[in-house]
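I opened the notebook to work through one model.

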Amino acid sequence: RGVAAPIITIARCSSTQAAAGLRNHSIDGVFIDASHFYEAVSADIKAWLPLVKPGGLISGHDFSYPDVERAVKELGPKWQQGPKTIWWARQ
């Protein structure tokens, strides 16, 4: 009661294309698990980060890949790791 059901939208396009269609601070959370190359991970984080509401969660997978780790670490000091190869941050 009083709790809205989660809304999930499936988009058949690239991650950055999907992000381009959303308003800033309009989503509660995002989980990034696509390409493991630095440029792609960096582009995904930059595209999705502004969309997450204050207090929301941005996270992803495969922190153990050097390019993923580099992109995550370069985009802010508040990122955390765990469990396993998950990375995350609260906005």
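**Strands**

I began with β3 and β4, which run antiparallel and are joined by two bridges. I noted the rules for these names. Helices (H or I, at least four residues) and strands (E, at least two) are DSSP runs, numbered from the N terminus. Two strands pair if DSSP finds at least two bridges between them. The model is a predicted one: local features need pLDDT of at least 70, side-chain atom pairs count only at pLDDT 80 or more, and totals for chains, interfaces and linings use all residues. Residues are numbered from 1 along each chain as its sequence is written, and side-chain values use heavy atoms, with hydrogens and water left out.

β3 and β4 make a hairpin, with five residues between them.

I found β2, in the antiparallel sense, over four bridges. S59 stands opposite W88. G60 has W87 as its bridge partner.

Then I put the strands together. Four of them form an open sheet with mixed pairing, in the order β1-β2-β4-β3. β1 and β3 are the edge strands, and each pairs on one side only.

I wrote down the background before the search. Most residues other than glycine have a negative phi, and most peptide bonds are trans.

I stayed with the loop between β3 (80-81) and β4 (87-90), where P83 is placed. A cis peptide bond joins G82 and P83, with omega about 0 degrees. G82, in the turn, has a positive phi of about 120 degrees. K84 lies in this loop between β3 and β4. K84 is not a glycine, yet its phi is positive, about 50 degrees. K84 counts as exposed because its relative accessibility is 77%.

I found another positive phi at D62, near 70 degrees, again in a residue other than glycine. D62 sits in the loop between β2 (52-60) and α3 (66-74). Is D62 buried or exposed? D62 counts as buried because its relative accessibility is 11%.

**The core**

I turned to the largest nonpolar core. Such a core is a set of buried Ala, Val, Leu, Ile, Met, Phe, Trp, Tyr and Cys residues joined through side-chain atoms within 4.5 Å. It has 18 residues, and I45, W48, I58 and W87 touch the most other members. β1, α2, β2, α3 and β4 each give two or more residues to this core. The largest share, four residues, comes from α2. In soluble globular proteins, nonpolar side chains tend to be buried together.

I listed the contacts of I45, where contact means heavy atoms within 4.5 Å. Leaving aside neighbours within four places in sequence, I45 is in contact with I32, P50, I58, A71, V72, L75, W79 and W87.

I also checked S42, which is found in helix α2. S42 counts as buried because its relative accessibility is 5%. S42 touches A71 and L75, not counting residues up to four places away in sequence.

**Pocket and cavity**

I noted the method first. On a 1 Å grid over the protein atoms alone, a cavity is a set of points where a 1.4 Å probe fits but cannot get out. A pocket is an open set with protein on both sides within 12 Å along at least five of seven lines, and lining residues have an atom within 4 Å of a point. Grid points are joined across faces, edges and corners, and a volume is the space filled by probe spheres set on the points.

The largest pocket has a volume of about 650 Å³. Of its 24 lining residues, T9, L22, I27, G29 and W48 are the closest to its centre. β1 gives the most to this lining, with six residues.

I found one cavity of 30 Å³ or more. The largest cavity holds about 50 Å³ of space. Its lining includes D33, H61 and W87.

Terms used. Buried < 20%, exposed > 50% of the residue type's maximum accessible area, 1.4 Å probe, protein only.
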